[in-house]
Amino acid sequence: MAQSFDIAVFEGDGIGPEITAPTTALLGALAAKSGTYALNFKSHAAGAAHYAKTGDSLPEASLKAAEVADAILLSAMGLPDVRYDDGTEISPQIDLRKAFKLFAGVRPVRVAPGGLTPLKLPEGKGIDFVLIRESTEGLFHTQGTGEVTENEARETLLITRDVCEQLFAFAFNMARERKAQGRGPGRVTCVDKANVFRAFAFFRQLFDEEAAKHKGLTADHAYVDATALWMVQKPWEFDVMVTENMFGDILSDLGAGLMGGLGLAPSADIGLHQAVFQPCHGSAPDIAGQGRANPFAMILSGAMMLDWLGLKHNLPAMCEDGARLREAVDAQVAARADVTADLGGTASTVQAAQAVQKALGC
């Protein structure tokens with residue numbers, strides 16, 4: 001009998017619903033073809049549009065449903081014209097990270113053969129690394145509660161031992177898995193600004209304490225400004241990078257640029273019990289309702305969800321489907337076939353997703 005998983009779905013704002021519907025249809029068809037697992041999708045209210053109607057961006061019922069779900073699939077959230085009273089944008093995704101202590105923000109940066117990187121890669125060099133962003137504290141700690149007066153504003157950066165120990169253990173375990181898969185040398189780079197800030201010197205100290213526990217893996221350090229330079233000059237040198245929340249927020253968009261844009265950038269925010277999977281891009285209200293949005297980042301986030309569930313529940317078929325899903329998207333991008341306008345094609349959102357589904361034979 002197929003093992004069944006309940007997936008809490010947040011369709012999001014702007015283009016969110018347009019990229020969510022074909023993604024869940026594709027994931028459902030993939031599960032049905034496998035026969036070894038089943039995915040039960042249930043949508044819940046959240047986001048800027050919901051806030052505009054009700055004054056609540058993440059209802060308590062939605063939060064409780066997400067808490068008991070096996071995984072959370074979250075689409076693009078927020079609208080530039082809908083904001084909280086303090087002027088900040090609606091961001092239920094950050095609320096979920098904090099509520100469920102999703103400390104590890106996983107941002108894969110990968111360019112498959114024939115990919116759309118703007119870089120001219122040397123012969124034999126490719127891009128395949130993972131940026132892990134701490135997602136619950138750092139400079140986001142006082143989000144919505146920073147101090148603002150007529151003459152100054154203050155936000156507080158928070159680094160804690162408890163979160164960092166979990167974060168760094170996660171990073172080294174990922175490096176070990178990638179090494180076993182032949183995808184990396186087993187190296188973790190701590191990205192910080194320890195030469196200026198005491199908080200980052202503490203961050204680096206905790207990293208080194210965890211590194212000492214992982215024999216057979218390599219640990220090194222890089223300042224965030226140098227890292228931004230090296231991501232452009234020599235991205236093939238990186239394996240697993242781990243950094244603070246704001247630094248990770250910025251570097252992950254640079255990583256998306258390396259692989260052809262945010263339309264190809266998936267992500268996951270993972271804790272000890274729950275995980276959220278969502279595309280890195282925004283809600284693009286300027287093209288909402290036009291059927292032009294690129295669904296690939298959402299689809300690739302779904303592939304990450306299959307990986308996580310498969311590993312957590314020891315279901316190799318789910319991991320295999322996640323890999324097949326990535327390969328199908330890679331092939332479509334490399335061939336420039338059935339891709340949306342941002343990738344140089346003319347396909348609609350639905351056409352691009354259906355072409356992936358057809359390639360998978362489901």
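Which residues does Phe-277 touch, not counting residues up to four places away in sequence? In this predicted model, Phe-277 touches Ala-71, Ile-72, Leu-73, Leu-74, Ser-267, Ala-268, Ser-301, Met-304, Met-305 and Trp-308 (contact: heavy atoms within 4.5 Å). Local features need pLDDT of at least 70 and side-chain atom pairs count only at pLDDT 80 or more, whereas totals for chains, interfaces and linings use all residues. Residues are numbered from 1 along each chain as its sequence is written, and side-chain values use heavy atoms, with hydrogens and water left out.

Phe-277 is also among the residues with the most contacts inside the largest nonpolar core, which has 83 residues; a nonpolar core is a set of buried Ala, Val, Leu, Ile, Met, Phe, Trp, Tyr and Cys residues joined through side-chain atoms within 4.5 Å. Buried denotes under 20% relative accessible area, exposed over 50%, and partly exposed in between (1.4 Å probe, protein chains only). The most residues in this core, 10, come from helix α9 (residues 296-312). Helices (H or I, at least four residues) and strands (E, at least two) are DSSP runs, numbered from the N terminus.

In strand β5 (residues 127-134), seven of the eight residues are buried. β5 runs antiparallel to strand β4 (residues 104-111), with eight bridges joining them (pairing requires at least two DSSP bridges between two strands). Arg-110 has Asp-128 in β5 as its bridge partner. Four bridges link β5 in the parallel sense to strand β10 (residues 240-243), where Thr-243 is the bridge partner of Arg-133.
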